[in-house]
Each structure stands twice: as structure tokens, then as C-alpha cells.
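Hi,

Here is the model I said I would pass on.

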Amino acid sequence: MGPTLDFLTLLPYVSELLKGFTTTVILTVVTTLTGLSLAVAVAYLRVNAQPWVRWGLGGYVEVTRNTPFIVQLFFIFFGLPGLGIKIDAITAAFIAMTLNLAAYSAEILRAGISATAKGQLEAGRALGMTTLQSYRHVVLVPAFARVYPALISQSIIVMLGSAVVSQISVFDLTYAANFIQSRNFRSFEVYLLITLVYLLLAFGMRRSFMLVGKRVFAYQQGEQR
Amino acid sequence: MTLVYVDNVHKAFGDLKVLKGINLSVAQGEVVAIIGRSGSGKSTLLRCLNQLEKHDSGQITIADKQLDAASMSPKELSENVGMVFQSFNLFPHKTVGENVCLAPLVVRGEEKAEVEKVAREVLEKVGLSDKYGAYPAQLSGGQQQRVAIARALAMRPKVMLCDEVTSALDPELVGEVLRVLEALAAEGMTLILVTHEMSFARDVADRVVFMHQGRIHEEGAPSELFSNPQTPELKQFISAVL
Ligand SMILES: Nc1ncnc2c1ncn2[C@@H]1O[C@H](COP(=O)(O)OP(=O)(O)OP(=O)(O)O)[C@@H](O)[C@H]1O
Ligand SMILES: [Mg+2]
């Protein structure tokens, strides 16, 4: 007879689980906001900045999109100290996740921006708006609306990918699970539990995004008549 | 008093010479209709007047100020020249009120309360005060175009440019937009409009300008121009459109 499931064995570790859960949630909420904000700036500058800035940002986007996230994380945490830049694990996690989400989202946003009707930009110019003002007031919201589903998915991918920050000993949900199973040897129970938690986090994120979208993109409801 | 003065303006797109020396002067309060065949350069001329296209040579002055990046900022230009487009170009994510308020707020930096008051006034003028909170997608084409007119008016321009503003509308919606333009003309607004509505040009314009192959081929009071065209090109154009 195989071993039986016993979730009560996790009871002594509730505080670790809570700590890990909180870290994962905070990491996700913060980096979703910083990552998407940075993406807006990158997408704007990749079209409008000086050539050398565009070129540099293009390099950043391509490197990020074509290397493993865990290598990026290791580079920031273990590699940068070689240049005399020392950062603690949680900061490295914030930076790596922000840069990763921003690179992918900037590409997604670029598609949304370039689909903006030329006429609306001209209307903005005819009204005396600068390029930056046009982006902010004319282009940004419709561009977000156009690519919103892709941005939701990308943000969720980064949340799920955050599990690897446990590798630089950030006490996130996965770190908590590793920690617990090394103590009570109940890997099945603990990994089943955090699998469910990640699943719920992903659902919760999608729902929150949808709620925000429904408010911000309310104007689209008129179009669907 | 001359408000808009165009002196020997040329414009080419690559090898294609679109404007070949345009001379035009428009007085304060005058309504000028520009007619002509497709491709004759009507839109390009209008777009040079608010620098959506930069002219290659020649001079344009508005209210005695040269119209180029060095002597007139985009903000100043937008306070002199308003434009209404064929395809409305409203901002879809902003309500009617927000569309009208946006430029006075961000370009002129005016007080919000003051801007909203002006917005209600101009929307009243185009007969849409009840649509302040509606989104463009909830309006008919004619209503959208009237919002676009109100949006341009909110910057209090000295001259309004209208490029075929009724061409994208269903026939039954054309009248409501033309009536708004007519009322503006009656109030003394200076209007330069490209139009295919010959009866409107005849009834409302003080002067009609016929463009042909990048030049002003013939111009004059509508009564004379339509009843007694001098050039074969204009004769042919008139017989084709009437
Ligand atoms: N941005 C551009 N680049 C290249 N060619 C252009 C551009 N804009 C206009 N043209 C060309 O210049 C010519 C004149 O165009 P314009 O739009 O001024 O004509 P129009 O008199 O307004 O015609 P329509 O009645 O069809 O609107 C056309 O041959 C057009 O294809
Ligand atoms: Mg045209």
C-alpha cells in the first residue's frame, strides 16, 4: 500500500506558507505595475527617441526575449556583483521580473500603438499636441485596449515564472514549499497545495485585469451595439 | 483685412509635383470653397495651411505671422487654425466632452472649469449639448462630425479648414453638418472648405476656387463662376458634377 495523503502534516508550516504566498503576491503586483509602466516608456522610445537609444532598447528587448529568465535572474544577482554592483535577492527578483515583463510587453504594445489610426494622430497634431501629449492622451488607451488580452497573459506568465526566484533564496511560495518538504518529506502534499495556489493566483490575476479593463475600456461597450 | 495669405507655395511628394505655385488670400470672415477634380491638390493645400504637410517653397502667413516651425509653435498654430477631417477622427476612448476639452486643457493649459464651460457652449452651437457624456461610437456619423467641429472650435481658431467634411456621411446626415457650417459662416468665422457639395458652395461661399493640376485655375464669386466658367477645364468639371 502506498503512502496516504495527509494535509495535516502541513499544519505546523502555515506561517511559512503565508510568508511565501505574501512574497509571491507582492512581487507579482509590484512587478506587473513597474513592468507594464516600463513597457510603455520602452515602446514609446523605440519609435521616437534618438537612433542610439532606439538601438540600445532594441538590444535589451531582443536579449531579454531570447534568453532564459533564470539566466537573467542569475546574471543580475550573481553576475552584477562582479562589476561592483551588489543587490540583495529580493531586489534582484524585482528587477529581473520587471525587465522581463517590460521587454515582452513593449513588443506587444508596439503592435497596439502602430495600429492607431493615422487620422487620430493628425487630429491631435492639428489641435496643437506634441508627440508625447498625443501618445499620452490619444494613443495609449486604445493601444492598451487592442492588446490587452496578450498583456494579461504575459503578466501571468511572469507571475508563474517568479517561482524561479526561489533559486536565489527569495522566500516566495515555491521556496516555502521546498523548505517544507525538506523538513517533513511530504512533497506530494506541499507541491499539490502550491500548484493549486498558483492556479488560483493566475485566475485571480485574470479576473482583476478584466475588472480593471472593463472600467478603463468602458468606451468599447458602445462599439459593440 | 487679409487673414490667410498664401504666396507661390509649392509642394511635391518625391517626383510628384502636387502644388505648383499657389497664390491665395483669404480675408477675415470670408468663406472660400475649394473645388476641383480628385488629385488636383485640394487636400494638400489645406494640409499645408496647418502644416500637417510642410510646403517646399513659398510663404504662408496667418494673421501676419509666418507659418513655419521657426516662427510659429504648434500651440500657436493650433490657436490660429482649426481643422475638421473627412473621417471625423474623434478620440474613441474619450467622451464627447473630453474630446472637446482635451486640447484646451493640455495644449493651452486652461482652467478645467473654464474649459468645460467653453465645451458646453461649442456643443450647444453644434446642437449636441445633450451628448456631453456619450462616447463617439454611440453617435451617428453626422453627430460625430459635429463634435469634431465643436472640438476644433474650442481652441477658438481664427480660421477653420474643412476637408470634405460630409463625404463620409450618409446622404440624410449631410444636411445637419452643412447647417452647422452655414451658421458658423453667418457668425463671421473664416472658413476654407474643400467640398463636393456644389449647391453648398454656391449658397454659402463668398468665393469659389477651382484647382486644377496643382494650380488655382479659376476663381471668383460663386454666381459668376458656376454660371459663366471661363476655362474649358472648369466647364468640363461643372458639367460633370452638376
Ligand atoms: N503623403 C503623400 N505622399 C505621396 N503622395 C501624396 C501624399 N498625399 C497626397 N499625395 C498625392 O498628391 C496628389 C494630390 O493629392 P490631394 O489629396 O491633395 O488631392 P485632392 O485634390 O484632395 O483629391 P481628392 O478629391 O481625391 O481628395 C495625389 O496624386 C495624391 O496621390
Ligand atoms: Mg482630398
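Val194(B) sits in strand β8 of chain B, residues 190–194 (strands are DSSP runs of E, at least two residues, and helices are runs of H or I, at least four residues, both numbered from the N terminus). At 2% relative accessibility, Val194(B) is buried (buried is under 20% relative accessible area, exposed is over 50%, and partly exposed is in between, with a 1.4 Å probe and protein chains only). Leaving out neighbours within four places in sequence, Val194(B) has contacts with Ile34(B), Lys42(B), Leu46(B), Cys162(B), Asp163(B) and Glu164(B) (contact is heavy atoms within 4.5 Å). Arg179(B) is 15 residues from Val194(B) along the chain, and their C-alpha atoms are 16 Å apart.

Before I go on, some housekeeping: this is a predicted model, in which local features need pLDDT of at least 70 and side-chain atom pairs count only at pLDDT 80 or more, while totals for chains, interfaces and linings use all residues. Residues are numbered from 1 along each chain as its sequence is written, chains are lettered from A and ligands numbered from 1 in the order in which they are written, and side-chain values use heavy atoms, with hydrogens and water left out.

Next, the ligand. Ligand 1 is surrounded by 14 residues, and the closest are Ser38(B), Gly39(B), Lys42(B), Ser43(B) and Thr44(B) (a residue counts as near if one of its heavy atoms lies within 4 Å). In chain B, β2 (16–27) and α1 (42–49) each give at least two residues to this shell, and α1(B) has the largest share, with three residues. Sorted by class, the shell has three nonpolar, seven polar and four charged residues (Ala, Val, Leu, Ile, Met, Phe, Trp, Tyr, Cys and Pro count as nonpolar, Asp, Glu, Lys and Arg as charged, and the others, Gly among them, as polar).

The side chain of Thr44(B) has an N or O atom 2.5 Å from an oxygen atom of ligand 1. For Ser43(B), a polar side-chain atom is 2.7 Å from a ligand 1 oxygen, and for Gly41(B) a backbone N or O atom is 3.0 Å from one. On its own, ligand 1 has 630 Å² of accessible area, and the protein covers 60% of that (areas by the Shrake-Rupley method with a 1.4 Å probe).

Now for where the two chains meet. Helix α5 of chain A (residues 118–126) has Gly119(A), Gln120(A), Glu122(A), Ala123(A), Gly124(A) and Ala126(A) buried. What do the buried residues of α5(A) pack against? In chain A they pack against α6 (131–161), and in chain B against α1, α2 (74–80), β6 (81–84) and α5 (141–153). After α5(A) comes Gly128(A), with a positive phi near 90°. From the other chain, Ser78(B) in helix α2 of chain B is buried at 2% relative accessibility. Not counting residues up to four places away in sequence, Ser78(B) touches Ala126(A), Leu127(A) and Gly128(A), as well as Val107(B) and Met155(B).

Over all chains there are 17 salt bridges (a side-chain nitrogen of Lys or Arg within 4 Å of a carboxyl oxygen of Asp or Glu). Here are some to check:

- Glu189(A) and Arg186(A) pair at 3.0 Å, N to O; Glu189(A) is buried at 3%, whereas Arg186(A) is partly exposed at 25%.
- Glu53(B) and Arg47(B) have their closest N and O atoms 3.1 Å apart, and both residues are buried.
- Lys112(B) and Glu116(B) meet at 3.7 Å, N to O. They are about one helical turn apart, because they are four residues apart in helix α4 (residues 112–125) of chain B. Lys112(B) is exposed at 52%, and Glu116(B) is partly exposed at 30%.
- Lys75(B), Glu79(B), Arg108(B), Glu110(B) and Arg156(B) are joined in a salt-bridge network.

Cheers

Key:
A polar contact is a pair of N or O atoms within 3.5 Å; within protein, one must be able to donate a hydrogen and the other to accept it, and residues adjacent in sequence count only if both atoms are side-chain atoms.
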